[in-house]
Amino acid sequence: MTEPEIRPGDANDLVALEALYPAAFPDEDLLPLVRALLAEAEGAVLSLVAVSGSALVGHILFTRCGVEGQGAEAALLGPLAIAPDRQRSGIGTLLIAAGLERLESCRTSRVLVLGDPDYYGRFGFAPDAAILPPYRLPQDWHDAWQSRAVGVGASAISGRLQVPAPWRDQALWLP
Ligand SMILES: CC(C)(COP(=O)(O)OP(=O)(O)OC[C@H]1O[C@@H](n2cnc3c(N)ncnc32)[C@H](O)[C@@H]1OP(=O)(O)O)[C@@H](O)C(=O)NCCC(=O)NCCS
């Protein structure tokens with residue numbers, strides 16, 4: 001199978017995204033979050049899609065965030081969704097790598113993610129106790145809150161992550 005093309009998402013992708021998310025997350029409705037993030041102001045999110053032929057087979061979002069008391073800019077990775085019949089074929093890896101590469105050329109110095117350390121550890125993410133998530137996480141999720149540096153000269157940052165409105169829903173941060 002040929003490698004999918006990775007390109008920025010646009011408004012024409014919405015119909016395909018509305019089908020992708022329920023398929024990738026059958027037990028969780030992430031569409032309200034995805035729709036709200038995509039409706040944020042220009043530049044507030046980085047949205048990338050993976051396209052194979054005419055099919056949209058993957059999507060990733062990075063949200064630009066601040067860190068309380070710091071001038072630094074951070075980005076929050078998520079959600080990431082791959083079409084069930086194309087999972088474990090490297091598409092998630094392609095989308096993460098493409099996103100990190102694009103963020104390198106922005107002012108972003110750190111990328112955060114709440115996810116499986118076994119998966120995100122492959123991309124250089126490691127548990128982060130210095131940048132606090134917007135809400136207190138369950139004790140056994142602390143290793144799931146991870147970050148990695150991007151770009152040059154990224155210094156240590158600490159403080160609470162300041163997320164835009166779509167992420168300010170505690171239910172998104174709970175099991
Ligand atoms: C989790 C998910 C994003 C991974 O994307 P993917 O394209 O399937 O993963 P890749 O093919 O890039 O995976 C690369 C490697 O990670 C492993 N991997 C995939 N999903 C994994 C998971 N959930 N936990 C641990 N390892 C995982 C794969 O086995 C593969 O390893 P290998 O190269 O040694 O075989 C995708 O499977 C998905 O959309 N799942 C449903 C939605 C979800 O859970 N999203 C989580 C992010 S919010």
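Gly 78 has its place in strand β4, where strands (E, at least two residues) and helices (H or I, at least four residues) are DSSP runs numbered from the N terminus. At 6% relative accessibility, Gly 78 counts as buried; the word buried means under 20% relative accessible area, exposed means over 50%, and partly exposed covers what lies in between (1.4 Å probe, protein chains only). Val 111 is 33 residues from Gly 78 along the chain, and the C-alpha atoms of the two are separated by 10 Å.

The model is a predicted one, in which local features need pLDDT of at least 70 and side-chain atom pairs count only at pLDDT 80 or more, while totals for chains, interfaces and linings use all residues. Residues are numbered from 1 along each chain as its sequence is written, and side-chain values use heavy atoms, with hydrogens and water left out.

A backbone N or O atom lies 2.6 Å from an oxygen atom of the ligand in Gly 90, 2.7 Å in Gly 92 and 3.1 Å in Ser 89. Taken alone, the ligand exposes 880 Å², and the protein buries 69% of that, with accessible areas coming from the Shrake-Rupley method with a 1.4 Å probe.

Two serines complete the picture. Ser 147 is found in strand β8 (residues 145–149) and, at 3% relative accessibility, counts as buried. Its side chain is joined to that of Arg 110 by a polar contact of 2.9 Å; such a contact is a pair of N or O atoms within 3.5 Å, and within protein one must be able to donate a hydrogen and the other to accept it, while residues adjacent in sequence count only if both atoms are side-chain atoms. Ser 52, in strand β2 (residues 45–52), is likewise buried, at 16% relative accessibility. The C-alpha atoms of Ser 52 and Trp 167, 115 residues apart along the chain, are separated by 30 Å.
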